[in-house]
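Please keep the sequence and the three-dimensional structure at hand while reading.

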Amino acid sequence: MYDLDEAIRQRYSTRMFLSEPVPRSLVEESLALATRAPSNSNVQPWQAVFATGAVRDRLVTALLAEAGTGSPKIPPLADAFAHKRFELGAQMFGAMGIVRDDAEGRRTAILRNWEFFGAPLAGVVCMHRDLGLVDGVGVGMFLQTLLLALTARGLGTCVQVSIAGYPEIVREELDIPAELAIVCGLAVGYPDPSAPINSLRTPRDSVDGHVTFIEH
């Protein structure tokens, strides 16, 4: 178990997992902690579905089939921020040793998104469609608390916008009702220590690039 500071520092987006099953007790402990996250008017807007075994495998098969024929419904980033996505992609492909003109290597790497990067526990995070931006903040705080609790227990995670790119597939395979908006996916498992991609640590901007103190 890590202390809080260490859990924050150790958390990263794991993009290749071992097939070793995740003990449900560790997930339930982490979820119990995550429910302590703050939320507007105590609405507790988070909803999550986790799939393992045959259900998880059927979901992956359906997602890969859809990814092979149609583009995911992922909102584009505004022009002022789009370079961040390209920079991350370059860092990821570089960590995997995939060169720019290796089209097949890039395609294979991208498709791993819809395999949950091999994670044995596939999660989907949702929020009621009638809730708004401030409640989305609540879902985010729940999710971050969950990630840190899982990290403290030796588990790797990856929050995946890509999973929400095929909402109809996810909804059908996991029987998610229409009133729940699909926010993101969540891959959970034990990181593969031999995978080069898991050595990637993305840089962060300095605090003063995002925070202003007004003292007078």
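A pocket is here an open set of grid points with protein on both sides within 12 Å along at least five of seven lines, and its lining residues have an atom within 4 Å of a point. The model to which this definition is applied is a predicted one.

By this definition, the largest pocket has a lining of 48 residues. Those nearest its centre are R15, R85, L88, G89 and M92. Two or more residues of this lining are contributed by each of α1 (4-10), α4 (79-95), α5 (103-111), α6 (133-152) and β3 (156-160). Among these elements, α4 gives the most, with 11 residues. The space in the largest pocket amounts to about 1,900 Å³. In terms of residue class, its lining holds 27 nonpolar, 9 polar and 12 charged residues.

The second largest pocket contains about 230 Å³ of space. Its lining consists of P21, V22, R24, V27, E28, L31, F50, T52, P120 and L121. Helix α2 (residues 24-34) supplies the largest share, 4 residues. The class division of this lining is 7 nonpolar, 1 polar and 2 charged residues.

The account now turns to the packing of helices. Two packed helices are described by the angle between their axes and the distance between the axes. For α2 and α6, the angle is about 140 degrees and the axes lie 8 Å apart. Angles over 145 degrees count as roughly antiparallel and those of 65 to 115 degrees as roughly perpendicular, with angles under 35 degrees counted as roughly parallel and the rest as oblique; α2 and α6 are therefore oblique to each other. Their crossing is right-handed. On the α2 side, the contact is made by L26, V27, S30, L31, L33 and A34, and on the α6 side by F142, T145, L146, A149 and L150. Of the residues in this contact, 9 are nonpolar and 2 are polar, while none is charged.

The crossing of α3 with α7 is right-handed. From α3, the residues V55, R58, L59, A62, L63 and E66 meet I169, V170, E173 and L174 of α7. The contact of α3 with α7 comprises 7 nonpolar and 3 charged residues, with no polar ones.

Methods. Residues are numbered from 1 along each chain as its sequence is written. This is a predicted model: local features need pLDDT of at least 70, side-chain atom pairs count only at pLDDT 80 or more; totals for chains, interfaces and linings use all residues. Side-chain values use heavy atoms; hydrogens and water are left out. On a 1 Å grid over the protein atoms alone, a cavity is a set of points where a 1.4 Å probe fits but cannot get out, and a pocket is an open set with protein on both sides within 12 Å along at least five of seven lines; lining residues have an atom within 4 Å of a point. Grid points are joined across faces, edges and corners, and a volume is the space filled by probe spheres set on the points. Ala, Val, Leu, Ile, Met, Phe, Trp, Tyr, Cys and Pro count as nonpolar, Asp, Glu, Lys and Arg as charged, and the others, Gly among them, as polar. Axes are lines fitted to C-alpha atoms, for helices over the stretch in contact, and angles run from 0 to 180 degrees between N-to-C directions. A crossing is left-handed if the near helix is turned anticlockwise from the far one by less than a right angle, and right-handed if clockwise. Contact means heavy atoms within 4.5 Å.
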